[in-house]
Amino acid sequence: MAWALKLPLTDEVIESGLVQDFDASLSGIGQELGAGAYSMSDVLALPIFKQEESNLPPDSDNKILPFQYVLCAPTSPAVKLHDETLTYLNQGQSYEIRMLDNRKIGELPEITGKMVKSIIRVVFHDRRLQYTEHQQLEGWRWNRPGDRILDLDIPMSVGIIDPRANPTQLNTVEFLWDPSKRTSVFIQVHCISTEFTMRKHGGEKGVPFRIQIDTFKENENGEYTEHLHSASCQVKVFKPKGADRKQKTDREKMEKRAPQEKEKYQPSYETTILTECSPWPEVTYVNNSPSPGFNSTHNSFPVAEGNGSPNHQPEPVVQVADVSSFLNLLPTATPQDAQQWLHRNRFSPFCRLFTNFSGADLLKLTREDVIQICGPADGIRLFNALKGRVVRPRLTIYVCQESQQAREQHPKHENGDAAASTFFVYHAIYLEELTVTELTEKIAHLFSISPRQINQIFKQGPTGIHVLVSDEMIQNFQDEVCFVLDTMKDDTSDGYHIILK
């Protein structure tokens, strides 16, 4: 139904009332406007109305979203009416997100009495940064080893079941919950907005993030893959107490503005309601690719194919997740898991002291805490182990296997380099001892074969000659050098020769 707004025809009334309210929308004040129609649908679509809890249907088909997520943090008052809300968060502070069941009676009966799964992630709001998200997160991981971008504060959360934080997905957490019961999840964001800003002259303006929640129900196979609902909100993350200072500054600036200017901005709300959005692409957070295998019937290692897209390159399939989960203690670890972790990492003498400590409890300990409990030597060692700090390898090399398709379609240059690197998936190999034996074991482990199947390793030299790789040659490799692996069947045995090109 369209609403018709009849405007007064007297110039005096128009100038006294409408100039203040509609100065940005109406023109020709003081002229004869007649009884023109004005659509209220444009007004109802403003963010100020979206923030209010209302029983009005959002569109003509009376659609009501099945769930609603409310972030318990105030919105900024310095946001214009037509813009999306912006919420400031403190780094590392726990913030509550209320998971609300918004279904009508009889709606989605298939999830009544059942669990649903929600995935929370922190992503970039800026589309330019979205295209380089993988590189941005890898850079952050390198600068903050052992830390996570997003964590769950499990002791404070209510109603969540089986919380998980994948060690390879630093910005993602997930859990199960029952919509019929009260559910509140507390999250902590550990990165700040200025960490992803180009450093120029200081005082950089931080980039905004998005907190997005995607909810799924079970399919026939018991897997949570059927999408139900997605919502997100825009946030900026500051150093501790920085969000409070920024909120106060914005409020003081708005108080100094003229009344006419204030009407162009949204008021600050005590909570932030996440608005409906498209689901996050599944391929960016689901990675169930098996480890590369070895097929002895072919004269090459199996190759992981890329899709050739410059904006979506597949991650190298390296068996790092298992090692990371073995070394790093996760916040979701139970007290029993924490005890096993202490034993595996040679902290058995302190297991009794930490009997009832979960993974989250241990990770909250400061450096001073563990030194006071365990003494200087073991305390520093325990603190480094909890934070996942590892020693930088002496040598890092990258290896890949060229696909058969690349061999046929893209001939090599005279210097031996491949013509099309987009067909390659590189794997990192970290060396400590810088020996042929170590390199052989790492290559065999990477491709899930026995080191005995690799007889010798050669490096392709000038004019295509094959030079036997020795310990001295490995010690003279440049750090982060790239090689293309090729294999040659050894006629005298069942093994292979590896050629580094």
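Where in the chain does L434 lie? The place of L434 is the loop between β14 (427-431) and α14 (436-446); helices (H or I, at least four residues) and strands (E, at least two) are DSSP runs, numbered from the N terminus. The model is predicted: local features need pLDDT of at least 70, and side-chain atom pairs count only at pLDDT 80 or more, whereas totals for chains, interfaces and linings use all residues. Residues are numbered from 1 along each chain as its sequence is written, and side-chain values use heavy atoms, with hydrogens and water left out.

**Backbone at two leucines**

- Most residues other than glycine have a negative phi.
- L434 has a positive phi of about 60 degrees although it is not a glycine.
- L434 is buried, at a relative accessible area of 7%; buried means under 20% relative accessible area, exposed over 50%, and partly exposed in between (1.4 Å probe, protein chains only).
- L108, also not a glycine, has a positive phi of about 50 degrees and lies in the loop between β3 (95-101) and β4 (116-124).

- An open sheet of six strands runs in the order β14-β13-β17-β18-β15-β16, with mixed pairing; two strands pair if DSSP finds at least two bridges between them.
- β14 and β16 (466-468) stand at the edges with a single partner strand each, so one side of each has no neighbour in the sheet.
- From one strand to the next, the twist averages 40 degrees; axes are lines fitted to C-alpha atoms, for helices over the stretch in contact, and angles run from 0 to 180 degrees between N-to-C directions.
- β13 (residues 395-401) pairs with β14 in the antiparallel sense over five bridges, and I397 stands opposite I429 in β14.
- Helix α14 packs on this sheet and touches β13, β14, β15 (454-460) and β17 (481-489), contact meaning heavy atoms within 4.5 Å.
- The direction of α14 makes about 150 degrees with that of β14.

- β3 pairs with β8 in the antiparallel sense over five bridges; the bridge partner of R98 in β8 is S184.
- β5 (residues 150-152) also pairs with β8 in the antiparallel sense, over three bridges, with L150 opposite V189.

**Aromatic pairs**

- The whole structure holds eight aromatic pairs: rings of Phe, Tyr and Trp (its six-membered ring) pair if their centres lie within 6.5 Å, and planes under 30 degrees apart count as stacked, over 60 as edge-to-face and the rest as tilted.
- One of them joins F196 and F209 edge-to-face, at 5.8 Å centre to centre and with 90 degrees between the planes.
- This pair links distant parts of the chain, 13 residues apart: F196 is in the loop between β8 (183-189) and β9 (209-218), and F209 is in strand β9.
- F196 is buried at a relative accessible area of 8%, and F209 is buried at 2%.
- F124, F196 and F209 form one aromatic cluster.

**Salt bridges**

- Side chains of opposite charge can pair when their charged atoms come close.
- A search of the whole structure finds 18 salt bridges, each a side-chain nitrogen of Lys or Arg within 4 Å of a carboxyl oxygen of Asp or Glu.
- R121 and D214 meet in a salt bridge of 2.7 Å, N to O.
- This pair links distant parts of the chain, with R121 in strand β4 and D214 in strand β9, 93 residues apart.
- R121 is buried, with a relative accessible area of 1%, and D214 is buried at 0%.
- R98 forms a salt bridge with E96, in which the closest N and O atoms are 3.6 Å apart; R98 is partly exposed at 37%, whereas E96 is buried at 14%.
- D378 forms a salt bridge with R381, the closest N and O atoms being 3.6 Å apart.
- D378 and R381 are three residues apart in helix α12 (residues 376-386), and are therefore separated by about one helical turn.
- D378 is partly exposed at 28% relative accessibility, and R381 is partly exposed at 27%.
- E110, K217 and E226 are linked in a network of salt bridges.
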